[in-house]
Amino acid sequence: MAKLNEKEFYEKVGKTNGWDFSKLQVTVEGMRWDFHDEVKKMSKSTDVLLDVGTGGGESLLQLASSFQFLVGIDLSATMIETAQKNVKDSQISNVRFTQMSSDHLLFPEEFFDIVTCRHAPFCSKEIARVLKSGGSFLTQQVGEMDKLNLKQAFKRGHTMHKDGALCSMYVKELYDAGFSEIQTFEYDATDYYHRPEDLIFLLKHTPTIPQFGEKQDDFEILEKFIRENTTSKGIRTNSKRFLIVAKK
């Protein structure tokens, strides 16, 4: 999605729909890693973590017991309001949330042991600045060919000219920012959404199909897509993900 519209999109969707994906009924086959597990593998209980693009903070709260202290930032004020409510309700004491742009991190140099970013934009130079020497940065991002059959059905959707171009761009930026050890991984899993409302939730809460529901024939296209892609396991599409692990 174009960076120009990013803040507007997340403010609008966060305010009207919320961001809790936990109730989605979907089966995923072929997923090669769990992001939380990968973060835990790289961490110690004494580490301080920064999560960029934390959203409503649900994912970060799941990691709280594995770290000494955690900070989540997000560009959206609505998301941070949700995150602050979530941490209050959870009674977890070692997590803080604050509104902040990933392009201008208001933290001292070499402050964090680990920085994470899941499905959100980041600035490599700023990550390198606030990360300690020897620290790790982990990011999981959505690949260009994600939800490919949906994009083909709607004839629109965020993609780049070449599969893998986004990952290559991020790797170059990280090297330029001073990271010396960078590994990349990817998978293309099969998703089965159990109910039409699960798929509609995805489309309304992500920029997979830009302005979904605002065009006159969107639901007609969706009904046809569901008919043509329904299997015994559910409505079939795919999740293309890549993971970057960078050491400073």
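Reader: What percentage of the 248 residues in the protein chain do buried residues make up?

Author: A residue is called buried when its relative accessible area is under 20%, exposed when it is over 50%, and partly exposed in between, using a 1.4 Å probe and protein chains only. In this structure, buried residues make up 48% of the 248 residues. Please note that this is a predicted model, in which local features need pLDDT of at least 70 and side-chain atom pairs count only at pLDDT 80 or more, whereas totals for chains, interfaces and linings use all residues. Residues are numbered from 1 along each chain as its sequence is written, and side-chain values use heavy atoms, with hydrogens and water left out.

Reader: How many helices and strands are there in the protein chain?

Author: Helices (H or I, at least four residues) and strands (E, at least two) are DSSP runs, numbered from the N terminus. The protein chain has 9 helices and 9 strands. Its radius of gyration, taken over C-alpha atoms, is compared with a globule rule of 2.2 Å times the number of residues to the power 0.38. The value is 18 Å, close to the 18 Å that the rule gives for 248 residues, so the chain is as compact as a globular protein of that length. Along its principal axes, the C-alpha trace spans about 50 × 40 × 35 Å.

Reader: At roughly what angle do the axes of helix α8 and helix α9 cross?

Author: Axes are lines fitted to C-alpha atoms, for helices over the stretch in contact, and angles run from 0 to 180 degrees between N-to-C directions. The axes of α8 (residues 196–205) and α9 (residues 218–229) cross at roughly 130° and come within 12 Å. That makes α8 oblique to α9; angles under 35 degrees count as roughly parallel, over 145 as roughly antiparallel, 65 to 115 as roughly perpendicular and the rest as oblique.

Reader: Which residues in α8 and α9 meet?

Author: Contact means heavy atoms within 4.5 Å. Pro-196, Leu-199, Ile-200 and Leu-203 in α8 meet Phe-219, Leu-222, Phe-225 and Ile-226 in α9. The residues of this contact divide into 8 nonpolar, no polar and no charged. Here Ala, Val, Leu, Ile, Met, Phe, Trp, Tyr, Cys and Pro count as nonpolar, Asp, Glu, Lys and Arg as charged, and the others, Gly among them, as polar.

Reader: Is Cys-167 buried or exposed?

Author: Cys-167 counts as buried, at 13% relative accessibility. This residue lies in helix α7 (residues 165–177). Leaving aside neighbours within four places in sequence, Cys-167 is in contact with Thr-184, Phe-242 and Ile-244. From Gln-140, Cys-167 is 27 residues apart in sequence and 9.9 Å apart in space, C-alpha to C-alpha.

Reader: Where is Asp-163 placed?

Author: Asp-163 is in the loop between α6 (148–154) and α7. Its relative accessible area is 38%, and Asp-163 is therefore partly exposed. With neighbours within four places in sequence left aside, Asp-163 is in contact with Glu-144, Met-145 and Lys-240.

Reader: What is the value of phi in Glu-110?

Author: Phi of Glu-110 is near 50°, a positive value in a residue other than glycine. Glu-110 is found in the loop between β4 (95–99) and β5 (112–118), and has a relative accessible area of 42%, which means that Glu-110 is partly exposed. His-119, also not a glycine, has a positive phi of about 60°. The loop between β5 and α5 (124–130) holds His-119.
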